[in-house]
Amino acid sequence: MMLCSSFSISRLAIPSVCALISFLAYTSQYFFLHFVPAPLTKEEAWRLNIAALCIWITYYRSCTVDPGRIPADWRPDGGQKPVVDSLNDRQRWCRRCEAFKPPRAHHCKTCQRCIPKMDHHCPWTSNCVSHFTFPHFIRFLFYAVAGMTYLESCLFDRVSVVWASKDLPSYMGPSVGQIAHLFVLVVTNSLTVFVLGILLFRTIWALASNTTTIESWEIERHETLVRRARHYGGYLQGPGGIRVRIKKQEFPYDIGIWSNIKAGMGGNGNVISWFWPLARTPRGETGLDFEVNGFEDPHLSWPPPDPDRIPLPSRNEKPFTTESSGFGDMQTFNQRKAKDMSRPGMNVQRRKRFHKRAEEELHDNDSSDESDSYETDADDGEEGWRNSEGERLRDFGVDEDIEFYDEEDILRQRVERR
């Protein structure tokens with residue numbers, strides 16, 4: 001029932017945004033035309049309508065441009081399926097798509113596929129903000145904020161006129177209906193430009209640092225793990241009796257402000273084209289490989305190792321270790337993956353939150369009951385970790401089960417037997 005309700009609400013998102021744009025752009029001009037003390041001027045009409053046209057174009061493209069997909073034959077390094085021969089090599093694998101996943105790609109639960117350089121799934125455009133749609137999205141935010149800021153100045157000019165005539169007889173001023181219309185326009189426009197202004201600022205900040213919304217979450221998660229590991233000698237315990245080394249890893253895609261902006265705007269260094277509403281979408285062959293800053297070993301991938309992203313092994317199954325055959329028995333891995341895929345919804349067993357596990361360890365260091373590590377409630381599991389703003393991975397539209405428990409990814413991490 002909740003799923004149907006959420007789906008129905010999402011279908012109303014685009015009509016609601018269109019209604020809001022129409023209300024602010026056109027009923028405001030109707031008001032100005034009939035506001036005798038300060039009627040609409042020709043310059044105001046041109047500016048308001050040009051801004052509205054830019055908003056319509058960029059919003060349409062944000063909603064309709066395909067966010068991209070991963071080619072079925074894509075392989076890491078552009079070659080055949082790689083041979084695993086190094087403890088540092090990690091290849092990301094999507095269990096939902098049954099395919100390799102390029103850097104910065106994530107599986108969107110709404111689009112039902114892996115999206116190149118996914119930022120988040122925007123409910124107001126009913127589309128993913130990705131490598132291909134991000135330039136259109138930021139242009140939409142820019143023109144929306146610029147256009148509504150100009151509208152705000154026009155509205156406050158009329159508010160000042162009304163205020164200056166407050167002591168005159170009522171028949172000499174605007175009607176009650178006009179005052180009510182002006183009040184609604186001011187409140188609606190002010191709230192909207194405030195919210196979108198914050199969103200635009202955050203989006204520009206992310207553009208300048210070449211960081212997606214999901215990657216900001218991953219950076220904060222990594223910093224949390226590094227702080228935890230300091231108290232445990234640089235290691236954190238994963239499920240099944242393994243220890244994962246956690247060390248500070250620099251975000252690899254921050255390549256300098258100018259290069260970051262160029263990369264985010266589709267690799268185009270033409271500043272004028274950044275603001276052109278009809279600018280082309282980034283080419284289809286891009287979005288699978290990204291320039292890195294070289295601060296870390298090129299074999300290291302992002303996000304860094306996270307012991308809580310390792311799926312719990314069954315009680316009769318030995319964990320993957322580096323002592324058997326490099327990364328463990330690949331046949332065993334494939335059998336386990338098939339078992340996970342056969343479950344309804346491909347659910348995996350969860351671990352309790354870190355602080356609960358730490359408290360249990362402090363109170364009972366001699367306990368060896370592995371069943372205490374299992375958790376059935378997803379909201380209480382470690383994948384329920386939230387950043388400082390209270391956001392989980394699923395809040396960005398990511399398929400949380402698939403993204404958090406990425407077995408192929410974790411299999412290629414450096415781990416050691418406890």
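## Basis of the report

A residue is called buried under 20% relative accessible area, exposed over 50%, and partly exposed in between (1.4 Å probe, protein chains only). This is a predicted model, in which local features need pLDDT of at least 70 and side-chain atom pairs count only at pLDDT 80 or more, while totals for chains, interfaces and linings use all residues. Residues are numbered from 1 along each chain as its sequence is written, and side-chain values use heavy atoms, with hydrogens and water left out.

Salt bridges (a side-chain nitrogen of Lys or Arg within 4 Å of a carboxyl oxygen of Asp or Glu) number eight. One of them pairs glutamate 215 with arginine 104 at 2.7 Å, N to O. Glutamate 215 belongs to helix α6, and arginine 104 to the loop between β2 (99–100) and β3 (106–108), 111 residues apart; helices (H or I, at least four residues) and strands (E, at least two) are DSSP runs, numbered from the N terminus.

Arginine 228 forms a salt bridge with aspartate 308 (3.8 Å, N to O). Aspartate 308 is buried because its relative accessibility is 1%, and arginine 228 is buried at 13%.

Threonine 213 lies in helix α6 (residues 213–230) and is partly exposed at 27% relative accessibility. Beyond its neighbours within four places in sequence, threonine 213 contacts Asp119, His120 and Phe396 (heavy atoms within 4.5 Å). Its C-alpha atom is 9.4 Å from that of arginine 202.

Arginine 202 makes a salt bridge with glutamate 389 (3.4 Å, N to O).
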